[in-house]
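Have the viewer open and follow along.

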Amino acid sequence: MALKILITGGAGFIGSHVVRRFVKNYPDYLIVNLDKLTYAGNLANLIDIENSSNYRFIKGDIVDSSFIDKLFEDERFDAVVHLAAESHVDRSIVSPLDFVMTNVVGTVNLLNAARKYWKSNYENKRFYHVSTDEVYGTLGEDGMFTEDTAYDPHSPYSASKASSDHFVRAYADTYGMNTVISNCSNNYGSFHFPEKLIPLAINNIKNNKPVPVYGKGENIRDWLWVEDHARAIDVIFHNAKSGETYNVGGHNEWKNIDLIRLLCNIMDQKLGREPGSSEKLISFVTDRAGHDLRYAIDSTKLQRELGWTPSLQFEEGLEKTVDWYLANEEWLENVTSGNYQKYYEDQY
Ligand code: NAD
Ligand code: DAU
């Protein structure tokens with residue numbers, strides 16, 4: 001069946017992988033990518049598919065309710081896959097309100113427009129909300145987050161994502177909307193903005209700059225290759241029952257310091273440096289305020305019900321990621337210098 005799908009945040013890290021996957025795998029669909037092109041949105045992430053006949057880009061802000069209402073009225077979407085968000089925890093500590101506006105108000109604006117224009121036909125119109133494992137808070141040494149874990153967010157980012165998840169469920173319960181939510185662990189891979197741990201460390205090691213590790217580096221994250229997340233979103237979008245939630249994760253927990261040491265070894269090899277030389281760049285710095293100790297995701301439900309499993313071992317994925325960053329120096333240079341934003345100011 002031909003579908004017209006609105007993907008929000010499609011110029012960002014995960015969104016660009018989701019857009020690419022849908023454009024390539026579903027030639028009958030029309031994929032409309034709505035993105036504000038904040039500092040994190042970059043159309044260079046989509047250069048390989050930008051001229052596809054089943055793809056369109058629209059620049060716009062999900063916080064602007066009149067714009068969103070008009071967009072839904074004009075475009076008559078069949079479904080929404082909602083990824084647009086402020087996504088960086090450290091920025092949320094500095095500017096919480098930006099996160100409330102985009103992540104909470106922006107999500108409610110989309111829900112309101114969907115509600116208004118889909119009213120008589122909810123069963124055939126899907127609202128898929130992409131969320132994070134951070135809504136569950138933090139774990140001690142044992143245990144994993146399941147879909148039944150109570151929400152306990154600690155950062156302004158995770159509080160805003162938790163709030164948006166609650167609104168999505170409230171619209172399903174109150175108005176009968178067809179909604180699905182997935183909560184995923186830390187992604188890594190190509191087009192990851194170099195403010196996040198892995199691409200920041202790759203960029204700094206490459207340039208012989210200190211690699212900041214918060215606290216003692218003992219916090220633990222579960223890492224998933226971004227293309228495996230995009231595949232999970234595809235599987236869930238097409239197969240989940242209305243009202244369902246799925247956890248998505250890599251079964252791949254790493255202490256930050258161990259991850260950074262592994263990355264240093266890979267970088268030494270790739271850059272032809274003396275073994276151990278990149279590790280000398282590690283610099284322990286003041287910890288993040290409210291830093292969650294450990295995330296671990298139990299994605300058994302997704303595996304059991306929809307047959308999804310991660311495809312890539314972490315060491316292999318990390319090496320592929322390093323190769324990508326070293327082969328795409330211009331992308332990295334444009335992003336870190338801010339040149340890509342000047343380009344959009346001229347274009348849009
Ligand atoms: P990102 O920061 O790389 O991309 C976010 C995109 O949203 C950017 O293209 C940005 O321009 C756009 N955007 C921001 N504000 C907007 C607004 N007001 N209107 C329209 N567009 C706007 O983020 P990401 O890491 O790709 O994350 C995408 C989604 O996945 C987010 O909802 C995030 O919470 C969720 N998520 C991320 C991870 C992760 O590890 N990165 C893990 C789980 C869930
Ligand atoms: O768990 C999913 C979440 O993963 C997503 O919802 C977020 O959008 C995404 O940004 C990510 O959040 P984290 O805070 O876990 O990612 P980040 O890359 O910022 O940090 C990963 C870990 O590394 C975390 O424990 C903090 C630490 N860190 C981070 C940076 C940027 C450092 O030690 N040094 C750093 O310079």
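## K301 and E244

K301 and E244 join their side chains in a salt bridge, 2.6 Å from N to O. For this kind of pair, a side-chain nitrogen of Lys or Arg has to sit within 4 Å of a carboxyl oxygen of Asp or Glu. The model is a predicted one, where local features need pLDDT of at least 70, side-chain atom pairs count only at pLDDT 80 or more, and totals for chains, interfaces and linings use all residues. Side-chain values use heavy atoms, leaving out hydrogens and water, residues are numbered from 1 along each chain as its sequence is written, and chains are lettered from A and ligands numbered from 1 in the order in which they are written.

The two partners are 57 residues apart: K301 belongs to helix α9 (residues 300-306), while E244 is in the loop between α7 (226-239) and β10 (245-248). Helices here are DSSP runs of H or I with at least four residues, strands are runs of E with at least two, and numbering goes from the N terminus. K301 is buried at 15% relative accessible area, and E244 is partly exposed at 22%. Those labels use a 1.4 Å probe and protein chains only: buried is under 20%, exposed is over 50%, and partly exposed is in between.

The whole structure has 20 salt bridges. One of them pairs E75 with R56 at 2.8 Å, N to O. E75 is in helix α2 and R56 in strand β3, so the bridge ties together parts 19 residues apart in sequence. E75 is buried at 13%, whereas R56 is partly exposed at 32%.

K36 is in the loop between β2 (30-35) and β3 (55-59), and D61 in the loop between β3 and α2 (65-75), 25 residues away.

## A three-stranded sheet

Now for the strands: an open, mixed sheet runs in the order β7-β9-β11, where pairing takes at least two DSSP bridges between two strands. β7 (186-188) and β11 (253-255) are the edges, each with a single partner strand, so one side of each has no neighbour in the sheet. From one strand to the next, the twist averages 50 degrees.

β9 (residues 220-225) and β11 are antiparallel and joined by three bridges. R221 has W254 in β11 as its bridge partner.

Technical notes. Axes are lines fitted to C-alpha atoms, for helices over the stretch in contact, and angles run from 0 to 180 degrees between N-to-C directions.
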